[in-house]
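This briefing is meant for a reader meeting the structure for the first time. It begins with the chain as a whole and then turns to a helix pair and a sheet.

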Amino acid sequence: MPDELAEHLNALARDECYRVDAVLKEGPYETTERVYFQGSNGAEMGPFVRKRISRESGTGAAYERLCAAQSAGRRFRYLPRVFDCYHAGDSLVVVMEHVGGETLADVVYRCDPSLALACDVFPRLCDAVAELHGGFDVPLIHRDLKPSNVMLSRDSMTIIDFGIARAYREEASEDTRHFGTRAYAPPEQFGFGQTDVRSDVYALGMLLYFCLTERTPDAKARAAGFADPRIPEPFRQVIAKAAAFDPQNRYASAADMKQAFLLAQGGVAGRAPLPHGAAGSACLPPADAAGRAVALEGAPDAGPWPSGRPTGVAEGAARQGLSMPTPLPPSSSAWRVSGGRSTPARRLLSLPADLLSRIPLWLGVVWDLVLASLVVLFVAVGASLVFDPEPGSSLASESLAYRAFGTADVVFFFFLPSFFFLRDRRPLRRLFPRMRQPKLLVEAAIVLGCFVLCVLLAGLLGALNL
């Protein structure tokens, strides 16, 4: 009992040293928060990500293994830094670095799927998974590799969300719990056997398919052998082998899959494999230095813990020898990874996606609801002007057809396109992940065309009225 009480008081002391800035994700078994560490003198460090994982879920053990490995001096290039792990009541609490950049899903959406982007990103993704598998005495299987769990910037890649990761056990015949995103998870993850390193190889194949098509792999894609006009045959074969139903028929490791990918890349158009950054990295967002490290040099003294021991963050950061890296300057010229130079308009249109990545999703939902309400309001006002104009107004003296034509022109070719372009695209993408949505540049062209059509129709209406 004294040990349990001491652990509880210590957990409370750690919790009190963090200020919650935002709740990033909340579910029945896990809550993810963006927090800042506050010292006794009021100084702050951060941001950090803090996860509270219910012990009842049976998940989160991978974070403890990662924290223990890093505390023992291990360094990982593609895995997040975990600064602290402790138990508080019925929850495992994990404090880790706040990884900057964009998700792979956002990068492919913004840059368009292409061979150039895949050639730049996918070999590093294989290296990241190989590091996860080979960085521990017993391989750590992620089990939830998907576009939203890969963070990218121009000089870094980080795999995140290890909530359902597990260690491979030779004596087990299957996983005790079946989790994962069905489109990217292999059959054995849902009761057909035990997951091992080849389970993540399966997910790598699905991620390669996504990088080349921006489509979520489904049963139809599998039935077609992953054939697609945008996928060269050598790459289709790599995807098909990685996604074989029987794990024995897949690549034995992420390193083997990377080698097969590079051979396929060299066979396409008879060219040698591209070095990192030669094709697609200019489309990636700049590094977010604040999200990749904690500035300790020259920082004010954070002060001792209430319990008299140093903080888990400061302790872990000091062991890691962290310092603030110098951010890379923005590229002087950006390439649209589908093959041509980006225009200033294209670069300007990419700004909304960059800004939206920093805005909470719930705020985007509220924004879309406000826009939808404005649409209803404008349609209602337009109908009132057509069918019940104010007596004595200039519209009241016009014919019904004139009022209907003019109002419809303004509402449907000016206001509705404007609201459509200003919407937050993320909620719709979450609801309908398989639905292909137009790119920002295409949407901008459509909206501009509607504006031009609105002016032309207004001019035509005025000429006919004369």
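In what follows, contact means heavy atoms within 4.5 Å. The model is predicted, and its protein chain has a secondary structure of 16 helices and 10 strands.

**The chain as a whole**
- Of the 466 residues in the protein chain, 46% are buried, while the chain exposes about 22,700 Å², with carbon and sulfur atoms supplying 62% of that area.
- When contacts between residues at least 6 apart in sequence are considered, 66% of them join residues at least 24 apart.

**The helix pair α3 and α5**
- Helix α3, residues 104-111, packs with helix α5, residues 197-213, at an angle of about 25°, and their axes are 9 Å apart.
- Because angles under 35 degrees count as roughly parallel, α3 is described as roughly parallel to α5.
- On the α3 side, Leu104, Ala105 and Val108 take part, and they meet Leu207, Phe210 and Cys211 of α5.
- By class, this contact of α3 with α5 has six nonpolar residues, with no polar and no charged ones.

**The sheet β6-β8-β9**
- Three strands form an open sheet in the order β6-β8-β9, and their pairing is antiparallel.
- The edges are held by β6 (102-103) and β9 (156-159), each of which has a single partner strand, so one side of each is left without a neighbour in the sheet.
- Strand β8, residues 150-153, is joined to β9 by four bridges, and the two run antiparallel; Ser153 has Ser156 in β9 as its bridge partner.
- Helix α4, residues 115-134, lies across β8 and β9 and runs at about 45° to β9.

Methods:
Residues are numbered from 1 along each chain as its sequence is written. This is a predicted model: local features need pLDDT of at least 70, side-chain atom pairs count only at pLDDT 80 or more; totals for chains, interfaces and linings use all residues. Side-chain values use heavy atoms; hydrogens and water are left out. Axes are lines fitted to C-alpha atoms, for helices over the stretch in contact, and angles run from 0 to 180 degrees between N-to-C directions. Angles under 35 degrees count as roughly parallel, over 145 as roughly antiparallel, 65 to 115 as roughly perpendicular and the rest as oblique. Ala, Val, Leu, Ile, Met, Phe, Trp, Tyr, Cys and Pro count as nonpolar, Asp, Glu, Lys and Arg as charged, and the others, Gly among them, as polar. Two strands pair if DSSP finds at least two bridges between them. Buried means under 20% relative accessible area, exposed over 50%, partly exposed in between (1.4 Å probe, protein chains only). Accessible areas come from the Shrake-Rupley method with a 1.4 Å probe; for residues, only the protein chains shown count as cover.
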